[in-house]
Amino acid sequence: MSDAKPIKVVLIDNHPLVLDGLRAVLETFPHIEVVGTAGLALSGLEVAMKTNPAVVLIDINMPKLSGIEAIELFKARLPDCRIVMLSMHDSREYISASVLHGASGYVLKDVSTDEIVTAIETVAAGKTYFSSGVSDVLLDRRPSEPANPLTSREHDVLMLLASGKSNRDIAQSLSLSEATVETHRKNIKKKLGISTTAGLIRYAIDNGFSLADS
C-alpha cells in the first residue's frame, strides 16, 4: 500500500486519553493519516468537513449528540465518508441502530490495533466491517421467528453478507462463483422486499441468522 495515498481518518471520542492513544498508534502506520480529532460529534463534523476524510471513527456514547445520532449528519454533509462506530458495548440494539443509520463498521474498543487498522482499510475500500466480538453477537442469537422465506444457501449468503463479506469472499467461503453469489443477493432482496445492503444486514441482525442453523 506504499504507492497509494494514505487513508485520511478523523477520530472522535470524548475521552482525551483514548483519543490521544488511538491517534498515536494509528500514526505509526504509514498508509493511515489522522487528519483531525475531536471530543464532540459536532466538533468532529466541522473537522471532517474541512479535511474530507475517507473514514471517521466515532465513539458511540458521546455527550450532547451520540455517535449514532451523528451518523446521518455526516452522511448528509459528507456522503462519501465511511463511518466506523467505536464502542465498549456489543449489544444487538447498538449494532442494529448503527447499521440502520448508515454506519459502515462497528468495532469494539478492546480489539487489537491491527483489527482497527483492518476495519479502516476495509470500509475505505467500500465494504463493511464488524469486529470479531460483534460477529459473535450476530452469530449467537437463536431465531425468534419460526420460519423465513430463504433457502439454506440464501441463508448462508445473507449471514456472510451481514458479517461484512464481499461477493468474492462469500464465493470463496461457499465454493460458488461471484455471479452465483450476486444472483443469491438479488433473490434475497426480492424475497425480503429489501433494496439495500444495509437493510439486509439489519434484517439478519434482527432475525438472528446463524450459519450453524443452515
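A salt bridge is a side-chain nitrogen of Lys or Arg within 4 Å of a carboxyl oxygen of Asp or Glu. Keep that in mind on this tour of a predicted model, where local features need pLDDT of at least 70, side-chain atom pairs count only at pLDDT 80 or more, and totals for chains, interfaces and linings use all residues. Residues are numbered from 1 along each chain as its sequence is written, and side-chain values use heavy atoms, with hydrogens and water left out.

**Stop 1: Arg168 and Glu178**

Select Arg168 and Glu178. Their side chains meet in a salt bridge, 3.5 Å from N to O. Arg168 sits in helix α8 (residues 167-174) and Glu178 in helix α9, 10 residues apart. Helices here are DSSP runs (H or I, at least four residues), strands are runs of E (at least two), and both are numbered from the N terminus. Now check the surface. Arg168 is exposed, at 52% relative accessibility. Glu178 is partly exposed, at 40%. The cut-offs are these: buried is under 20% relative accessible area, exposed is over 50%, and partly exposed lies in between (1.4 Å probe, protein chains only).

**Stop 2: Lys109 and Asp59**

How many salt bridges does the structure hold? It holds five. For another one, select Lys109 and Asp59, whose closest N and O atoms are 3.1 Å apart. This pair links distant parts of the chain, 50 residues apart. Lys109 is in the loop between β5 (105-108) and α5 (113-124), while Asp59 is in strand β3 (residues 55-59). Is Asp59 buried or exposed? Asp59 is buried, with a relative accessible area of 4%. Lys109 is partly exposed, at 27%. Salt bridges that share partners join Asp13, Asp59 and Lys109 into one network.

**Stop 3: helix α7**

Go to Asp156 and Arg153. Their side chains form a salt bridge, 3.5 Å from N to O. The two are three residues apart in helix α7, so about one helical turn separates them. Asp156 is buried at 9% relative accessibility, and Arg153 is partly exposed at 33%. Next, pick Leu160, also found in helix α7. Leu160 is buried, at 10%.

**Stop 4: α7 against α9**

Show residues 152-162 (α7) and 178-192 (α9). Their axes come within 10 Å and cross at roughly 95°. Axes are lines fitted to C-alpha atoms, for helices over the stretch in contact, and angles run from 0 to 180 degrees between N-to-C directions. The two helices are therefore roughly perpendicular, a term for angles of 65 to 115 degrees. Which residues of α7 make the contact? They are Arg153, Glu154, Val157, Leu158 and Leu161. On α9, the contact residues include Val181, His184 and Ile188. Contact means heavy atoms within 4.5 Å.

**Stop 5: helix α3**

Finish at α3, residues 67-77. Its buried residues are Gly67, Ile68, Ala70, Ile71 and Phe74. They cover an arc of only 140° around the axis, which puts them on the same side of α3. That arc is taken from the directions from the helix axis to the C-beta atoms. What covers these residues? Bring up β1 (7-12), α2 (41-51), β3, β4 (82-87) and α4 (92-101), which are included in the cover.

Conventions
Parallel < 35°, antiparallel > 145°, perpendicular 65-115°, else oblique.
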